[in-house]
Amino acid sequence: MCPTASLLLGKTDVRGSRAALAALLLSLCLVFPLSVATCPPYCLCASDIISCSGRNLSTLPSDLPSYATRLDLSHNTLTVLPADWISKPFDRLAALVLGRNCISQIEPNTFIVTPHLLHLDLSSNRLTVLNSSIFTWLKELKELLLFGNQIVQINHGAFSGLQNLLKLYLSGNRLTALPLDLYMTPGGPINLTFLDVSCNRLSEVPIQSLLSLSQQGGIYLQENPLVCDCALQALLEYWMWKQYRPLVDFKGEYSCKDDTGPKLNCSQEGGSDISLDAQTYKVEPGKWLWVPCPGFAAQKGLAVFWVTPMTVLNSSANYPNSHLLVLPNGTLEIRGALMEDSGTYVCVAARGRDYDPHEPLEVNVVVGNLSAASASGMAHRSGTEHFNTAFTTLASCVVSIILVLLYLYLTPCRCREGRGGAATGCGGRAIILCSDPRDVESGQRRSNGKRVAFLEPQVEDSIIGGTKTPMMDLGHVTTEGILKNGSRTVGQTLTDSAQMA
């Protein structure tokens with residue numbers, strides 16, 4: 001009997017209802033049996049993690065609890081992943097580890113029971129061919145590990161349905177061509193930001209495609225038997241200038257960048273000494289523009305690539321439907337410039353040396369109405385000049401007002417008389433300003449105006465040692481003012497008591 005039913009029956013005191021209650025609970029237990037999830041004896045379970053690793057399993061267990069979010073079946077002897085490998089879906093499973101087995105075949109619809117899988121590890125198995133649509137049901141998958149297999153062929157559509165895939169590990173296989181089809185498959189990993197194809201058998205790679213694909217993520221190519229030509233050297237020089245992590249981190253594992261490898265002469269003598277200057281080219285819409293490749297000495301037959309805001313161009317290819325063309329000497333020709341042609345352009349060519357990341361290999365192209373831009377610039381400059389003139393005038397007015405205020409509010413006074421009535425403390429010509437009106441003699445008539453005393457130079461006969469005789473006795477001169485006080489003018493009365501000798 002169901003444990004819950006027996007417990008309730010033991011607590012029931014009413015005899016008449018015990019039989020009915022027992023029948024009801026028994027029917028409930030039969031219709032809704034209690035499913036107690038148990039961990040298999042050959043596995044280890046910790047909360048929502050199930051590990052059956054290293055148990056020498058040759059077939060997938062079918063009695064696994066469905067509450068797991070991580071299932072580890074690595075280090076066993078599994079050979080096939082069948083479609084019916086489990087009886088009920090793993091709706092919560094996010095990580096499935098199947099590495100270090102002997103899996104050589106994956107049947108269609110194998111992963112239909114794991115619709116929310118994020119991480120799938122199939123590394124170090126014996127897969128040789130990836131058939132079409134084997135990962136179709138893994139629409140939420142973020143990371144797929146296939147390194148350490150024996151993959152020689154990837155059929156079209158093998159990665160269909162993996163539109164959310166971010167990382168793909170294909171290193172340590174037997175690939176002879178870069179799997180570009182995964183970028184072109186409908187519903188494929190268009191958001192892929194990490195592709196590892198290192199340690200394969202790649203001898204040639206499509207440089208133009210790599211220049212385009214490397215803009216969106218990292219592509220690892222180290223430890224492949226790449227044929228080192230000028231096009232590949234141009235790519236690696238460009239990646240080194242950009243500080244592209246897949247190359248910088250494994251610089252010594254590329255044949256072209258290994259110091260023990262053969263040296264290529266892909267540029268003319270002295271081409272590496274050409275200076276690089278940041279340049280901006282301006283052109284009006286509909287006009288033609290020619291942009292030379294910075295720091296490049298042209299050589300006949302040498303491939304030159306231009307990375308434009310919209311695409312990647314090659315000097316050895318013709319683009320009849322494009323208004324952009326790379327000439328044999330590496331110059332970019334823009335025929336009938338469009339507004340969307342504005343942006344940053346990079347010339348990728350083998351220059352024979354590594355460039356500092358701060359050296360300007362890029363050029364800027366601006367497409368617009370140059371006359372309107374010039375008029376706008378002139379209007380801006382004119383406005384600036386008018387502002388400067390107004391500011392200078394305002395500053396001059398402020399300084400003038402300050403000087404007038406200083407002149408009006410400093411009280412003038414007469415030179416003080418010394419012994420014998422001689423004026424002391426003044427030079428030949430003096431205007432003495434007193435900040436305190438009390439300095440003026442108490443017997444002097446004061447007015448509301450400001451006082452200024454103008455003194456004539458005194459004759460000093462220092463040569464003959466004669467006495468100093470003033471030209472005018474200022475002791476008898478009363479100065480009342482010569483300035484205007486409001487609307488009233490203060491007159492000046494002078495009493496001349498000078499005596500003729």
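## Overall picture

Of the 501 residues in the protein, 37% count as buried, a term for residues under 20% relative accessible area, with exposed meaning over 50% and partly exposed lying in between (1.4 Å probe, protein chains only). This is a predicted model, in which local features need pLDDT of at least 70, side-chain atom pairs count only at pLDDT 80 or more, and totals for chains, interfaces and linings use all residues. Residues are numbered from 1 along each chain as its sequence is written, and side-chain values use heavy atoms, with hydrogens and water left out.

The protein contains 7 helices and 25 strands. These elements are DSSP runs numbered from the N terminus: helices are H or I with at least four residues, strands are E with at least two. Contact means heavy atoms within 4.5 Å. Among contacts between residues at least 6 apart in sequence, 60% join residues at least 24 apart. The accessible surface comes to about 28700 Å², and carbon and sulfur atoms account for 56% of that. Such areas come from the Shrake-Rupley method with a 1.4 Å probe, and for residues only the protein chains shown count as cover.

## Loops around β6

Arg 100 sits in the loop between β5 (95-97) and β6 (105-106). Arg 100 is not a glycine, yet has a positive phi of about 60 degrees. With a relative accessible area of 52%, Arg 100 is exposed.

The loop between β6 and β7 (119-121) holds Asn 109. Phi of Asn 109 is also positive, near 65 degrees, in a residue other than glycine. Asn 109 counts as partly exposed, at 38% relative accessibility. His 116 is found in the loop between β6 and β7 as well, and is partly exposed with a relative accessible area of 34%. Leaving aside residues up to four places away in sequence, His 116 touches Asp 91, Leu 93, Ala 94 and Glu 140. Phe 90 is 26 residues from His 116 along the chain, and their C-alpha atoms are separated by 8.3 Å.

## The cavity

Rolling a probe the size of a water molecule over the atoms shows where empty space is left. On a 1 Å grid over the protein atoms alone, a cavity is a set of points where a 1.4 Å probe fits but cannot get out, and its lining residues have an atom within 4 Å of a point. The count comes to 1 cavity of 30 Å³ or more. The largest cavity has a volume of about 40 Å³, a volume being the space filled by probe spheres set on the grid points, which are joined across faces, edges and corners.

Which elements give two or more residues to the lining of the largest cavity? They are α5 (230-241) and β20 (343-348). The most comes from α5, with 3 residues. The lining includes Ala 234, Tyr 238, Cys 347 and Arg 351. By class it has 7 nonpolar, no polar and 2 charged residues. Ala, Val, Leu, Ile, Met, Phe, Trp, Tyr, Cys and Pro count as nonpolar, Asp, Glu, Lys and Arg as charged, and the others, Gly among them, as polar.

## Salt bridges

Side chains of opposite charge can pair when their charged atoms come close. A salt bridge is a side-chain nitrogen of Lys or Arg within 4 Å of a carboxyl oxygen of Asp or Glu. The whole structure has 2 salt bridges.

One joins the side chains of Arg 245 and Asp 249 (2.6 Å, N to O). Arg 245 is partly exposed, with a relative accessible area of 44%, and Asp 249 is partly exposed at 42%. Glu 333 forms a salt bridge with Arg 335, with the closest N and O atoms 2.6 Å apart. Here Glu 333 is buried, with a relative accessible area of 8%, whereas Arg 335 is partly exposed at 35%.

Note on methods: On a 1 Å grid over the protein atoms alone, a cavity is a set of points where a 1.4 Å probe fits but cannot get out, and a pocket is an open set with protein on both sides within 12 Å along at least five of seven lines; lining residues have an atom within 4 Å of a point.
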